[in-house]
Amino acid sequence: MYVSLKEMLYHASVNRYAVPAPNCPDLNLVHSALKAAEAERSAVIIDVSPRQMKLNAPAEAFVPMVKALAEPLNVPVTLQLDHGAEFEDICRCIRAGFSSVMCDASSFSFEENVRRVQQIVAFAHAHGASVEAELGHVGQAAEGDGRTADMYTQVDMAVEFIERTNCDALAVAIGTAHGHYPEGYVPKLDFNRLAQIKEAVGDFPLVLHGGSGSGDENFQKAVANGINKVNLWTGYGAAYVSALRDYLASNESPDYLFVSLDAEEKAQEWLSRYMRLFGSSDRYQFDGGRMEETD
C-alpha cells in the first residue's frame with residue numbers, strides 16, 4: 001500500500017517503535033526494501049535524495065515505479081524526498097506524487113527554518129503529502145560533527161517549531177552524524193534530551209538521521225525514548241556493494257540478473273535485521289484479505 005508518512009508514523013509513535021527509511025536511488029534497492037517489508041510485515045519508507053535523483057532518475061520516474069511495486073503489497077509504503085533543500089526540488093516531488101517530502105532548512109536561523117517549512121507544509125498538505133522538517137543540525141561524521149551540543153535540538157524550540165509550522169514529523173539532532181564514523185568510534189547520544197523532547201511533543205513523530213554506524217544499543221535506546229523513523233543509507237548501500245563484490249569475485253562469467261538478485265537478497269537481509277531491531281516487524285497482520293495494524 002502506498003500511504004502518507006503522517007499516518008504511518010503516528011501508528012509507530014503510539015505503539016513505540018520506529019520505521020526504517022533506507023535510501024533507494026534505484027530499482028534494485030527499492031526491490032530489496034520492499035521485499036524486506038513484506039517478509040517482516042513491516043512498514044517501510046523509501047527515501048531518495050535530490051542528488052540521487054539527479055544521478056539516476058527524475059522524481060517523475062520514481063513515483064510510478066514505487067507505486068507499482070508497493071500497491072500490491074500488504075504493508076504500508078511511503079516514498080519520501082530526503083533532505084530537500086531547494087524549493088523547486090521539493091515542489092517538483094510533491095507534484096510528481098511523492099507521499100512525503102523533507103524540507104531541510106536546518107542550516108538556517110530558527111525563524112528562517114520556520115518560514116521555509118511553513119511554505120512547504122501549505123503546498124504539500126494541499127496536495128495530500130506529508131512534511132518532515134529538521135531542527136538542530138545533523139552534520140557529517142567525517143568532519144567530526146555530532147560530538148558537541150551546540151547543534152543539538154532544544155526542547156522548547158522543538159515545541160514552538162511544531163506548533164508554528166504544522167509539519168508532520170521532526171528530525172532531531174541528539175549526537176548522530178551522516179556518513180561513515182571513524183573506525184572504532186561509536187557516537188554518544190543525548191537520550192535525556194530526546195526523552196524530554198518526546199515528553200514535550202507527545203505522540204508527534206520524531207526522526208533520527210545519520211543512523212548507520214550508531215550501534216544496536218544506541219538504536220534501541222533511541223526508539224525506547226521516542227524515535228519513530230530512522231534514516232539508513234551508508235550501511236544499506238554498503239551491504240549491497242559488498243554483495244556485488246563477493247559475487248563477482250566468485251563467478252568468472254556473471255549473469256547481470258543473478259548478480260543483481262544476489263545483491264538484493266543481501267541488502268534485504270541487512271534491512272530486515274534493522275526492522276526487527278527497531279520493533280517494526282510483525283506490526284501488520286491480515287485477516288480475510290483485510291489488513292489490521294497490531295499494537
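This briefing walks through the fold of one protein chain, from the overall picture down to single residues.

The model is predicted, so to speak of local features a pLDDT of at least 70 is needed, side-chain atom pairs count only at pLDDT 80 or more, and totals for chains, interfaces and linings use all residues. Residues are numbered from 1 along each chain as its sequence is written, and side-chain values use heavy atoms, with hydrogens and water left out.

**The whole chain**

- The secondary structure comes to 11 helices and 10 strands. Helices (H or I, at least four residues) and strands (E, at least two) are DSSP runs, numbered from the N terminus.
- Of the 295 residues in the chain, 55% are buried. Buried means under 20% relative accessible area, exposed means over 50%, and partly exposed lies in between, using a 1.4 Å probe and protein chains only.
- Among contacts with a separation of 6 or more, 72% link residues 24 or more positions apart. A contact here means heavy atoms within 4.5 Å.

**The sheet**

- Eight strands form an open sheet with parallel pairing, in the order E1-E8-E7-E6-E5-E4-E3-E2. Two strands pair if DSSP finds at least two bridges between them.
- E1 and strand E2 (44-48) stand at the edges with a single partner strand each, so one side of each has no neighbour in the sheet.
- From one strand to the next, the twist averages 30°.
- As background, strands of a sheet pair through backbone hydrogen bonds, either parallel or antiparallel.

**Strand E8 and its partners**

- Six of the six residues of strand E8 (residues 227-232) are buried, so E8 is largely enclosed by the rest of the structure.
- Strand E1 (residues 19-22) pairs with E8 in the parallel sense over four bridges, and Pro20 has Val230 in E8 as its bridge partner.
- Strand E7 (residues 206-208) also pairs with E8 in the parallel sense, over three bridges. Here the bridge partner of Leu208 is Val230 in E8.

**Further along the sheet**

- Strand E5 (residues 130-135) and strand E6 (residues 169-172) run parallel and are joined by four bridges. Glu134 has Ala171 in E6 as its bridge partner.
- Helix H5 (residues 87-96) lies across strand E3 (77-84) and strand E4 (100-103), running at about 170° to E4.
- Helix H6 (residues 110-126) lies across E4 and E5, at about 175° to E5.
- For these angles, axes are lines fitted to C-alpha atoms, for helices over the stretch in contact, and angles run from 0 to 180 degrees between N-to-C directions.

**Helices that pack together**

- Helix H10 (residues 234-250) and helix H11 (residues 256-278) pack at an angle of about 140°, with their axes 8 Å apart.
- H10 and H11 are therefore oblique to each other. Angles under 35 degrees count as roughly parallel, over 145 as roughly antiparallel, 65 to 115 as roughly perpendicular and the rest as oblique.
- The residues of H10 that meet H11 include Tyr236, Tyr240 and Leu244, and those of H11 include Phe258, Ala263 and Trp270. By class, the contact of H10 with H11 has 13 nonpolar, two polar and three charged residues.
- In this scheme Ala, Val, Leu, Ile, Met, Phe, Trp, Tyr, Cys and Pro count as nonpolar, Asp, Glu, Lys and Arg as charged, and the others, Gly among them, as polar.
- Helix H7 (residues 155-165) and helix H8 (residues 191-201) pack at about 35°, with their axes 9 Å apart.
- Val155, Ala158, Val159 and Ile162 in H7 meet Arg193, Gln196, Ile197, Ala200 and Val201 in H8. By class, that contact has seven nonpolar, one polar and one charged residues.

- Leu9 sits in helix H1 (residues 5-14) and is buried, with a relative accessible area of 1%.
- The C-alpha atoms of Leu9 and Lys229 are separated by 7.3 Å, although these residues are 220 residues apart along the chain. Leaving aside neighbours within four places in sequence, the contacts of Leu9 include Val19, Ile45 and Lys229.
- Most residues other than glycine have a negative phi. His83, in strand E3, has a positive phi near 50° and is partly exposed at 22% relative accessibility.
- Asn166 lies in the loop between H7 and E6. Its phi is also positive, near 60°, and Asn166 is partly exposed, with a relative accessible area of 48%.
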